[in-house]
Amino acid sequence: MTIHPRIEAMSSEIAEWRRDFHRNPELLFDVFRTAQVVADKLKAFGCDEVVTGIGRTGVVAVIKGKGAPSGKVIGLRADMDALPIDEQTNLPYRSATPGKMHACGHDGHTAMLLGAARYLAETRNFSGTAVIIFQPAEEGGGGGREMVKEGMMERFGVQEVYGMHNMPGLPVGSFAVRPGAMMAAADRFLITLEGRGGHAAKPNDTIDPVVASAQIISALQTIASRNCDPLDSVVVSVTAVKAGEAFNVIPQTAEMKGTVRTLSKEMRDIAEERLRAIVTGIAAAMGCKAEIEYERGYPVTFNHAGQTDFATRVASSLVGAANVDTSVPPTMGSEDFSFMLEERPGSYIFMGNGDSAGLHHPAYDFNDKAIPVGVAYWAGLVETAMPA
Ligand code: NI
């Protein structure tokens, strides 16, 4: 592995920042302390511009290279928010707030990007401009979407954008990426069926929404088995069913909710269309009234081919080509960075976190040994894309 000595030298200090973020987790858009620490450090590093309050609590810094301006502008993005999980570790820097925890490693992501900003602001060994992006609310709030909506890409002239996430189970010092769909679109639905309640001993006098729900739940599984191209992917999971209270009453209404995950725009449209048709058709056949709330969440995280080749090249020069998996299977999880990838070409890469507990697990911890690798990757993207 070839890591710049300055990055090696600052890694233990970056680990201290990381542990401070870990001790002080904040949720969604309420990352006030984290954003303040980030902005203060970026100013202290001598970034050319530091802007706060983008996408409510997002922070963006601009660092210009010392080489002749190339006109090129590259965005690097980290996420700052934690999860509503009670931490189950005995780490000396464990969460000081019950019910909140950095269980996805965004503490590490924030610290590594800060480290890269410091290195880049000190050395400026590139032409062009690096735009350093810290977003709130990755875990379900759409902070990335908010930053994009406020015109971040135009305001800072971002031409390409890169993201990174740690990955438990992947050895430290290795990367995994793929062109095309990397993570899924995540949509959710709430179905309400209205029948006619009554005595359970007189079903002929009722319209039973429970039986109708059972038909619908089974039929929704045909979206995957009958409507999806066998070489494409879709998950339809009904995750909550609510109807009735008593042994002897047929309820008036039944509710089902769940999630739909897809890896292509086409399949995303098909899944929604089929869900609506199945629910409406079966409800009508059973005599129930159906109401469907279908909410589109994060889109597919789609890696652009050219930028993914480039990211692979940078990662390979750092850790060796043998340690960069370029065809990792996509996952059905989802990622807010996809909104940035819809606006600008770019690539999202996984970086090894070693043998840790899984993401979103109460015993998870970001691996500080990965810090120099992540910082060097960020620096490498900027210095390779925009050589001085
Ligand atoms: Ni995460």
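Select C104 first: with 6% relative accessibility, C104 counts as buried, because buried means under 20%. Keep in mind that this is a predicted model.

Now show the nickel ion. Its coordinating atoms are SG of C104, NE2 of H106 and NE2 of H165, at 2.1 to 2.2 Å. How are the donor residues spaced in sequence? The pattern is C-x1-H-x58-H.

Next, go to the aromatic rings. The whole structure holds seven aromatic pairs. For one of them, select Y377 and W378: the ring centres are 5.7 Å apart and the planes meet at 45°, so this pair counts as tilted. Are these two residues buried or exposed? Both Y377 and W378 are buried.

Then select R56 and F29. R56 lies over the face of F29, at 3.8 Å from the ring centre.

The protein has 11 helices and 16 strands. Its C-alpha trace spans about 80 × 45 × 40 Å along the principal axes. Of its 388 residues, 54% count as buried. Switch to a surface view: the protein exposes about 16000 Å², with 52% of that supplied by carbon and sulfur atoms. Among contacts between residues at least 6 apart in sequence, 82% join residues at least 24 apart.

Conventions
Residues numbered from 1 in each chain as written. Predicted model: local features only at pLDDT ≥ 70, side-chain atom pairs only at ≥ 80, totals over all residues. Heavy atoms only, no water. Donors = N, O, S within 2.8 Å, 3.2 Å for Na, K, Ca; no water. Buried < 20%, exposed > 50% of the residue type's maximum accessible area, 1.4 Å probe, protein only. Phe/Tyr/Trp six-rings, centres within 6.5 Å; stacked < 30°, edge-to-face > 60°. Lys NZ or Arg CZ within 6 Å of the ring centre and 35° of its normal. Helix = DSSP H or I, 4+ residues; strand = E, 2+ residues; numbered from the N terminus. Contact = heavy atoms within 4.5 Å. Areas by Shrake-Rupley, 256 points an atom, 1.4 Å probe, with all protein chains shown as cover.
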